[in-house]
Amino acid sequence: MWHTSASLRHFVGGLPALLLLLAVVVMTVLIRRPIDRSSQYYIAANNTLARGDYQTARLYYDRLLEMQGPRNETLFRLLEISEAVGDTERFRLLLDRLAPLDNLVYGPAHLKKSQILLATLSGQGDLERLMRAETHLKHALRASPQSNDARASLGYLYMISGEREKAIQYLKPVVSERPEYLLLLAKAYASIGDKENALQFGTQAQHHYQQLSEAEPTNSTRRIQWADATAFLEQFPEAINILGRGILLDGNEELRKAMALVYISWSDSLERQQVVDREEQFRLLSTGLMANPNEMAFFQRIMAVLASDGPAADQAREFLTAMLAKGDTPALAHLLLGTDAGVRGEDDLAMHHLEMAINMEPNMAPAANNLAWHLSRQSPPKLEEALALTENLVKRWPQYGHYRDTRGQILLQMGRHEEALVELLAALPQLQRYRPLHVAIAQAYDELGMTELSRKHLAIAESLPENAADQQPLPELQLP
């Protein structure tokens, strides 16, 4: 009608009928059009993965690879499945493909690679792993600039690598949405002397974990986090009470370990006083030792008390001897008494205690190291036995300069100069101010005919005082 008359009135009047006709045509086409099969597989794959049916999900995603080619999202889903089912070979291959070090491929894969690197750091840190993790995290941030996961992980990385200002830069923007990083941020501020921000964020962390813990009173992880934040604020008695109430509710062994660490922090806080109360320190340490007798961090602290040569040192020796008499923590008590006897020149007593410690706890690394040292200094020395003790130490903890030094000194006594030099030089970065190490290196160089290098190390040794302290504290290792 409109076509023949060209009347707008007729067109408007017939518009509803025209729209209805078009809708019918579109619906007919859509109903008859088959759903894209790749979309069906994608929906099915995601649904089965969400249900935890990894084997079926893997079949769907493998089929998608055949249909669509190697899309990064599909490959990443297969990577997650491989990790879940323990297919380590495929997981590694997929991760290497999606997260190469030299360029950005797929952000989530780079984030995962960085988290794996950070989770496998050694106790002393691993510079190469940290650098690789940093590169992967920067790739992840380029892919997703607002990723709180990537920013938080970078903040953690910079915190453990000592770059506190950078840690704050990445942690501060995420804590409003990720309050689990409040305490780490507070510790970053404390480490640069910003007490105001440390207190502010530490208090927020304390309130956050208190709310979580009170909502789940028997959740030991939440309670430990609450106590950790409370101890950070130096509210030590309250932190002990928080953990003590949890022990009454649950008795979880992790709570006792956490309580021991609070006592150590409490004792450490006394070091900041003008006059350190060694007796009060030892009271705290002995109480903590009863909470977790196997915490090797007590070794350093109690040895400091024993070295004080005052009433607190005598009290500590009496306490440790009484523990042995009662059968409490015999391995650690023997280690402490043996090391103390060695320092005081009582070699026979030192050997007795250290051998007892090793017999009771074969994996107690400081005891093995100290025993090896004493065996090598006997008359006549038992060098083969001493060397055997150091072999496992260096294999398991190659980063500890003390163990490399002990092994190097023993090899030097055995006349194995090239092997000795390798171990002694490995110890040098951490024990630069340890005079006997430079003397031993000089001797090794001299035996190998490298007289110029020998003279240099002798000169360094002569420039150091007899009692020059080494740079590395004794390792804080928990017993297996």
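**Helix packing in the predicted model**

Helices α6 and α7 are oblique to each other, a class that holds the angles left over once those under 35 degrees (roughly parallel), over 145 (roughly antiparallel) and 65 to 115 (roughly perpendicular) are set aside. The structure is a predicted model, in which local features need pLDDT of at least 70, side-chain atom pairs count only at pLDDT 80 or more, and totals for chains, interfaces and linings use all residues. Residues are numbered from 1 along each chain as its sequence is written, and side-chain values use heavy atoms, with hydrogens and water left out.

The axes of α6 (residues 88-98) and α7 (residues 107-119) cross at roughly 120° and come within 9 Å. Axes here are lines fitted to C-alpha atoms, for helices over the stretch in contact, with angles from 0 to 180 degrees between N-to-C directions; helices are DSSP runs (H or I, at least four residues) numbered from the N terminus. The α6/α7 crossing is left-handed, that is, the near helix is turned anticlockwise from the far one by less than a right angle. Phe 91, Leu 95, Asp 96 and Leu 98 of α6 make the contact with Ala 109, His 110, Lys 112, Lys 113 and Ile 116 of α7, contact meaning heavy atoms within 4.5 Å.

For α15 (residues 253-269) and α16 (residues 278-291), the axes come within 8 Å and cross at roughly 170°. This angle makes α15 roughly antiparallel to α16. On α15 the contact involves Arg 256, Met 259, Ala 260, Tyr 263, Ile 264, Trp 266 and Ser 267, and on α16 Gln 281, Leu 284, Leu 285, Thr 287, Gly 288 and Ala 291.

Ile 302 is located in helix α17 (residues 297-306). With a relative accessibility of 0%, Ile 302 counts as buried (under 20% relative accessible area; exposed is over 50%, partly exposed in between, with a 1.4 Å probe and protein chains only). Apart from neighbours within four places in sequence, Ile 302 contacts Phe 282, Leu 285, Leu 289, Leu 320 and Leu 336. Its C-alpha atom is separated by 9.8 Å from that of Arg 278, 24 residues apart along the chain.

Helix α26 (residues 451-463) comprises 13 residues and reaches 18 Å from its first C-alpha to its last, close to the 18 Å expected at 1.5 Å a residue. Its buried residues are Ser 454, His 457 and Ala 461. Viewed down the axis of α26, these buried residues fall within an arc of 70°, so they line one face of the helix. They pack against α25 (435-447), whereas Arg 455, Glu 462 and Ser 463 are exposed on the other side of α26.

Key
Helices (H or I, at least four residues) and strands (E, at least two) are DSSP runs, numbered from the N terminus. The expected span of a helix is 1.5 Å times one less than its number of residues. The arc is that of the directions from the helix axis to the C-beta atoms.
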